[in-house]
Amino acid sequence: MATEKMTQMTTEQMTDRDLSEQIKKVTKESHVRAENTKLMVSFQRGQVTLSQYKLLLCSLYEIYQALEEAMDRNSNHPAVAPIYFPAELARLKSIEADLEYFYGQDWRLKIVVPAATERYCHRLRQIGKENPEFLLAHAYTRYLGDLSGGQVLGRIAQKSMGLKSGEGLNFFAFPGVSSPNLFKQLYRSRMNSVELTEEEKNGVLEEAVRAFEFNIQVFDDLQRMLSVSENRPQDPSPNSKSYQDRTLQIPGSISPLFRMVVGLFVALATVTMGIYVL
Ligand code: HEM
């Protein structure tokens, strides 16, 4: 993309005082923690299950709905306009397509999100109304993350869930971005072009740390939800049997001991019924 190339030079001139450098620095430790949440570690190890992924998608849907609504509403705000790239970055429609693929046409009725997701969305809506400049921090955290580690995670998810290329994985695809690296450079230079007072800049940096924190809490909450649901049978399939076949095994969902007890119970019930009928 021509615009991406044009920004290469600008990016090379970045300094430590640039917002893009400062934001990366202040969120470095949070990034490490986000990467090391149980859910993200499962992802990186290629152990993501369909149940996990579907649940994550539900939360991403709510988060991007709140984020993109706030971005659209503030698209002319001086702190938002330079980093407003709906054609290249917007995720909501892609997530909707993925949810329909996994849950079927009535996917909207099946959205389940933990409390942490609600809190994150509440914050996004609040700053959309009260502090639109903080949207810089949230857009940076999600979109640059999706264009960075997210690209690797997409390929891993495809393999671990045995999906055909692109099936149910629109979330990871950015057809409007030909080179994620060049686009990230453009994005950083746009961030640096935003004029902020010192106070506003500090507010944005704090908000970026908070944005990572929200994500970490969502992952932790999802992990907890999954630990509970993993002890129950798998979600019924919306589409087909082959869809169920692609579901990865949930380790330890039915223990051999449990199977033996059920087997004994069935055998005993059969014998008892036999005696009764006689
Ligand atoms: C398995 C989990 C993750 C992996 C493997 C991962 C990996 C990476 C990698 C390799 C980069 C590129 C670093 C660079 O270009 O210098 C990156 C950047 C980034 N990641 Fe992640 N990431 C993960 C999770 C997350 C999460 C959960 C978020 C936030 C919600 C996030 C947000 C970001 C952001 C904002 C950047 C851009 C940093 C910058 O250049 O300023 N990442 N990530």
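## Contact range and overall fold

Among contacts in the protein chain between residues at least 6 apart in sequence, those that join residues at least 24 apart make up 86%. These values come from a predicted model, in which the protein chain has 278 residues, 31% of them counted as buried. The secondary structure consists of 14 helices and zero strands, so that a reading along the sequence gives α-α-α-α-α-α-α-α-α-α-α-α-α-α.

## The largest nonpolar core

The largest nonpolar core holds 62 residues, and the members that touch the most other members are Leu57, Leu67, Leu135, Leu136, Ala139 and Tyr140. Two or more residues are given to this core by each of α2 (19-26), α4 (38-44), α5, α7 (92-103), α8 (115-130), α9, α11 (180-193) and α12 (198-229). Of these elements, α5 supplies the largest share, with 13 residues.

Ala139, one of the residues that touch the most other core members, is in contact with Leu67, Met71 and Ile83 once its neighbours within four places in sequence are left aside.

## Helix α5 against helix α9

Helix α5 (residues 50-73) and helix α9 (residues 135-147) have axes that come within 11 Å and cross at roughly 135 degrees. Because of that angle, α5 is classed as oblique to α9, and the crossing in which α5 passes α9 is left-handed.

On the α5 side the contact is made by Leu67, Ala70 and Met71, and on the α9 side by Leu135, His138, Ala139 and Arg142. Sorted by class, the residues of this contact of α5 with α9 are five nonpolar, one polar and one charged. Leu67, Leu135 and Ala139, which take part in this contact, are also among the residues that touch the most other members of the largest nonpolar core.

## Helix α9 against helix α11

The axes of α9 and α11 come within 10 Å and cross at roughly 170 degrees, and the two helices are therefore roughly antiparallel to each other. Here, too, the crossing is described as left-handed, with α9 passing α11.

From α9, the residues Leu136, Tyr140, Leu144 and Leu147 meet Pro180, Phe183, Lys184, Tyr187 and Met191 of α11. The contact of α9 with α11 comprises eight nonpolar residues, no polar residues and one charged residue. Leu136 and Tyr140, which belong to the α9 side of this contact, are likewise included with the residues that touch the most other members of the largest nonpolar core.

Conventions
Residues are numbered from 1 along each chain as its sequence is written. This is a predicted model: local features need pLDDT of at least 70, side-chain atom pairs count only at pLDDT 80 or more; totals for chains, interfaces and linings use all residues. Axes are lines fitted to C-alpha atoms, for helices over the stretch in contact, and angles run from 0 to 180 degrees between N-to-C directions. Helices (H or I, at least four residues) and strands (E, at least two) are DSSP runs, numbered from the N terminus. Angles under 35 degrees count as roughly parallel, over 145 as roughly antiparallel, 65 to 115 as roughly perpendicular and the rest as oblique. A crossing is left-handed if the near helix is turned anticlockwise from the far one by less than a right angle, and right-handed if clockwise. Two residues are in contact if their C-beta atoms, placed from the backbone, lie within 7 Å. Ala, Val, Leu, Ile, Met, Phe, Trp, Tyr, Cys and Pro count as nonpolar, Asp, Glu, Lys and Arg as charged, and the others, Gly among them, as polar. A nonpolar core is a set of buried Ala, Val, Leu, Ile, Met, Phe, Trp, Tyr and Cys residues joined through C-beta atoms within 7 Å. A residue is buried if 20 or more other C-beta atoms lie within 10 Å of its own, exposed if 12 or fewer, and partly exposed in between; C-beta atoms are placed from the backbone.
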